[in-house]
Amino acid sequence: MTTCAVKFCNSKMSLTKNISYFRFPSDPLRCKQCMEKCQTEHLLKTDATILYKNYRVCGFHFEDKMFLNPNSRNRLTMNAVPTIFSAGILMKREMEKKSEEEKEKKLEEEKQMREFEAQVAMASCSSPSHSLTYNDNVYTNVSDVSGSSSISSKLQVSTSDSSCQTPLYLTNKTPRKLKLYNELQSKNKEIKDMKKQINAITQQLANVNTV
């Protein structure tokens with residue numbers, strides 16, 4: 001069954017009466033232009049004879065000026081390319097584009113996360129002295145506070161255990177935690193704004209009751 005090669009076009013030769021279907025141009029440049037318009041770039045590597053034999057574009061996608069006989073609309077000019085696409089086709093193309101962009105963004109975020117976690121792992125396992133210094137600093141700062149010697153002893157980490165322990169200065173600033181922190185800050189701001197609105201309304205009601 002012959003169908004239109006334009007992406008998201010549902011036209012079929014058996015179901016569309018008085019509509020002509022046209023082969024892709026044999027000229028490589030015009031053929032490429034048609035594929036770009038039809039969004040069939042995946043066929044660029046397809047043999048020209050297979051394209052010519054198996055793929056068609058329906059007449060719905062050509063302007064009247066693209067025809068040698070605008071009334072019959074069954075003969076194209078030498079420079080004809082498809083330029084008319086329905087709102088449904090354009091909407092599906094836009095949705096697909098957004099979906100691809102979101103997918104690429106997600107993959108990029110996952111890649112950055114993996115790279116960051118790899119850096120954290122390398123920093124924590126290859127620099128035990130740095131990790132120990134950090135823990136020593138925590139120990140010193142806490143021990144300066146009176147009555148906190150028991151807490152200091154719990155926070156102190158032995159040299160053998162700290163060799164593969166991730167430093168807090170890295171784990172506290174992962175992209176995921178920073179994102180959650182920003183979302184929390186935004187929600188807190190919304191709550192504060194709502195409280196201000198409630199207080200203002202309460203004050204207005206109080207003023208009305210006193211009148």
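**View 1. Contacts across the sequence of the predicted protein model.** Among contacts (heavy atoms within 4.5 Å) between residues at least 6 apart in sequence, 59% join residues at least 24 apart. This is a predicted model, in which local features need pLDDT of at least 70 and side-chain atom pairs count only at pLDDT 80 or more, while totals for chains, interfaces and linings use all residues. Residues are numbered from 1 along each chain as its sequence is written, and side-chain values use heavy atoms, with hydrogens and water left out.

**View 2. Secondary structure and surface.** The protein holds 8 helices and 2 strands, these elements being DSSP runs numbered from the N terminus (helices H or I, at least four residues; strands E, at least two), and their order along the sequence is β-α-α-β-α-α-α-α-α-α.

View 3. Arg56 belongs to strand β2, which spans residues 56–58. Arg56 counts as buried because its relative accessibility is 14%, buried meaning under 20% relative accessible area, exposed over 50%, and partly exposed in between (1.4 Å probe, protein chains only). Leaving aside neighbours within four places in sequence, Arg56 is in contact with Thr2, Thr3, Cys4, Ala5, Tyr21, Phe22 and Arg23.

**View 4. The side chain of Arg56 and backbone oxygens.** From the Arg56 side chain, the backbone oxygen of Lys53 is reached at 3.1 Å, and that of Tyr52 at 3.2 Å.

Definitions and conventions: A polar contact is a pair of N or O atoms within 3.5 Å; within protein, one must be able to donate a hydrogen and the other to accept it, and residues adjacent in sequence count only if both atoms are side-chain atoms.
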